[in-house]
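Here is a friendly walk through the model for someone opening it for the first time. Keep the viewer at hand and follow the points in order.

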Amino acid sequence: MRLRAVDVKLGYGDRVIVDGLDLGIEAGTVTTIIGPNGCGKSTLLRALGRLLKPSGGEVLLDGKRIDRMPTKEVAKILGVLPQAPTAPEGLTVADLVARGRHPHQTWYRQWSSGDELAVNEALSMTGLLDLGERPLDELSGGQRQRAWISMALAQGTDLLLLDEPTTFLDLAHQIEVLELVRRLHGELGRTVVMVLHDLNLAARYTDHLVAMRSGKVVAAGPPAEVLTEDLLAEVFDLAARVIEDPVAGTPMVVPIGSLPATGERARRNGALLKD
Amino acid sequence: MSTATITARTPSPRRGSTVLRARRSLVVSGLLALLLVAVLLSLAVGAKPVPPGDVWHALTGATGTENDIVVRSLRVPRTAVGVMAGIALGVAGALMQGHTRNPLADPGLLGVTQGAAFTMALAIMTLGVTGLYGYIWFGLAGALAASAGVFALGMVGGPGGPTPLTLALAGTAVSAFLYALTSALVLLDQQAMDVFRFWQTGSIAGRGAETVVQVLPFVAVGLLLALVNAPGLNALALGEDVARSLGQNVALTRAVGVCAITLLTGAAVAACGSLAFVGLMVPHLARPLSGPDHRWLLPYSGMIGAAALLLADVAGRVVARPGELEAGVVLALLGAPFFVALVRRRKPVRL
């Protein structure tokens, strides 16, 4: 197990979002965290990437407490791409990707042939070699997201945490980004943890699905086991049919309508019982 | 897609490539030439014009002629102060805009300028300090204290260290408070008022070699910290989360940046008065030449800052003969419309 959250308590200030959560990430898998807005999935991802310090419990990277490791050492093992990152105007794709080499540089050695090689590989892996000199702001949304992933790739880490990498992208560009994630996993053997909103895409591109609600892990396992009609009701308050995706054979969610919130449903069931 | 098919699959020029290197060296030599011209003009032009031959004579083998004395005792220190303050303010401005990710931030945002003004006014009033050299120390102390106060106030917000927003808010509040105190002081004391008025305009005239020696260590340490800060600032430009993910210690980077800005701005304003406009304007001139890489933006801003301050000073000596216009006045008069034009021509850069 490469990355583990043990009994973590997470929040901002006094507001607790996640309490007593355990999660393990196996090496060489693609894990996707799903759940309704505000369930704490991004918060959990930030904690796994040591961007947020747990107020209780611990996050272990290769068995060592991540907050006690030098941040630069962590940056050589683990890369995090936050939601909708921003770059200064005029920054070119190649310059952005080159900044991914930051943890490998020191103030006296700013650029090496190893850096050059890693940047070129990252650019070619993401299909951006020809766009290297283009400013980031001139690219399409999908290309821009690929450039950011390329930066995280140039960082040369085994583990990649991606927070909603497909947000704001149209369907074709979402597929483009997820195909890339699949190649990172298949060809480079990277371990990927991401947060996604689209359940059907999550089912397709994931080995391990983690469903969260109100800061708790409700279910975890292969998509075919996790993505059931009962789970959708429990986690998303959603009435839906789950059928087999005719293309990929993975579970596919066809929504019917929203259900009353779980609490209300429980109350109503209680009322029914009394009658 | 169309560009991808048109462009041949040639490796694009990147860092280390000869094209880029040639461009860099061209820009660097251009800026050095500009700075050299500014220095020579500053030595030769003035109420008493000195021909270039005499300037050379004064610098290489002075024999005590009138021109030798003018150049060596007046123009050389004045030019040296201008170069130093210009570099300091240019670099501090670029650092400030980088750390706050705000293109309209100036180096006075941390309360440095008002801190210096307040302690100077206080020193003049209560201790009767009169000489320029005396109150530079007080100015420096005030600048450092104000900046430390702003940093501490900015930290109150949360455990993650001060953010650009809390720093800017704290800086504005502290500046306004100190400005009110300073106004109250100078209204009570005629002598403080006189000195303060002069100082507030910003000038590099009448500073002797001693001023250079006094503020040089602060500028040197400030520039060293700025140099160390540049790669971290590049990481921070991608947002705090990405910077952390790249292994950058965000709080430390900010602290080093604030120290550098404080030392550079504090030294410059203590020696020359309020010239913060240099710090606001110069990075916008440097950025089109350097791109968003702070390892180049900072040195370019320094060179352009020095050239701009000297040229403004020279212009001030020429336009109002036989009198002089303060460099700060010239900078504001010429710089403000120029800045407006710059902002109108291209959208202000998002940082």
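**Notes on the model**

1. Residues 297-315 of chain B are 100% helix and 0% strand, with end C-alpha atoms 26 Å apart. Please keep in mind throughout that this is a predicted model. An unreviewed UniProt entry lists this stretch as one "transmembrane region" of chain B, along with 108-129, 135-153, 165-188, 215-239, 251-277 and 327-344. For residues 135-153 of chain B, the picture is again 100% helix and 0% strand, and here the end C-alpha atoms lie 27 Å apart.

2. Staying in chain B, look for helix α4 (residues 66-100) and helix α11 (residues 250-272) of chain B, whose axes come within 9 Å and cross at roughly 145 degrees. The crossing of α4(B) and α11(B) is left-handed. On the α4(B) side the residues that meet α11(B) include Val81(B), Ala85(B), Leu89(B) and His99(B). Among their counterparts in α11(B) are Arg254(B), Gly257(B), Leu264(B) and Cys272(B). Sorted by class, this contact holds 15 nonpolar, three polar and one charged residues.

3. Where does chain B touch chain A? The contact involves 28 residues of chain B and 31 residues of chain A. On the chain B side, α9 (209-236) and α10 (240-245) of chain B each contribute at least two residues. That side of chain B has 11 nonpolar, 10 polar and seven charged residues.

4. Now move to chain A. UniProt, in an unreviewed entry, places "domain: ABC transporter" at residues 3-239 of chain A. Across residues 3-239 of chain A there is 35% helix and 26% strand, and the end C-alpha atoms stand 34 Å apart.

5. Which strands make up the open sheet of six in chain A? Their order is β6-β7-β8-β3-β9-β10 (chain A), and the pairing is mixed. At the edges are β6 (78-81) and β10 (216-221) of chain A; each has a single partner strand, so one side of each lacks a neighbour in the sheet. From one strand to the next, the twist averages 15 degrees.

6. Inside that sheet, β3 (residues 30-34) and β8 (residues 191-195) of chain A pair in the parallel sense over four bridges. A handy pair to find is Thr31(A), which stands opposite Val193(A) in β8(A). Helix α1 (residues 41-48) of chain A packs on the sheet and touches β3, β7 (159-163), β8 and β9 (208-213) of chain A. The direction of α1(A) makes about 150 degrees with that of β8(A). Helix α9 (residues 229-236) of chain A also packs on the sheet, touching β9 and β10 of chain A, and its direction makes about 160 degrees with that of β10(A).

7. Chain A has another open sheet, with four strands in the order β2-β1-β4-β5 (chain A) and antiparallel pairing. Its edge strands, β2 (15-25) and β5 (64-65) of chain A, each pair on one side only. Strand β1 (residues 3-12) of chain A runs antiparallel to β2(A), joined by seven bridges, and Ala5(A) stands opposite Leu23(A) in β2(A). Helix α1(A) packs on this sheet, touching β1, β2 and β4 (56-61) of chain A, at about 120 degrees to the direction of β1(A).

8. How is chain A divided? Domain 1 takes in 3-77 + 157-274, and domain 2 takes in 84-156. The C-alpha centres of these two domains of chain A lie 27 Å apart. Contact between them involves 14 residues of domain 1 and 12 residues of domain 2 of chain A. Helix α6 (residues 171-188) of chain A gives the largest share of the domain 1 side, five residues.

9. Two helices of chain A are worth a look as a pair: the axes of α4 (residues 113-125) and α5 (residues 141-154) of chain A come within 9 Å and cross at roughly 145 degrees. This crossing of α4(A) and α5(A) is right-handed. Ala118(A), Val119(A) and Leu123(A) are among the α4(A) residues that take part, meeting Ser150(A), Leu153(A) and Ala154(A) in α5(A). By class, the contact has seven nonpolar, one polar and no charged residues.

Definitions and conventions:
Residues numbered from 1 in each chain as written. Chains lettered and ligands numbered in written order. Predicted model: local features only at pLDDT ≥ 70, side-chain atom pairs only at ≥ 80, totals over all residues. UniProt positions renumbered as here; feature names shortened; annotations may be inferred. Pairing = 2+ DSSP bridges. Axes fitted to C-alpha atoms, helices over the stretch in contact; angles between N-to-C directions. Contact = placed C-beta atoms within 7 Å. Left-handed = near helix turned anticlockwise from the far one by under 90°. Nonpolar A, V, L, I, M, F, W, Y, C, P; charged D, E, K, R; others polar. Domains from an automatic or database assignment.
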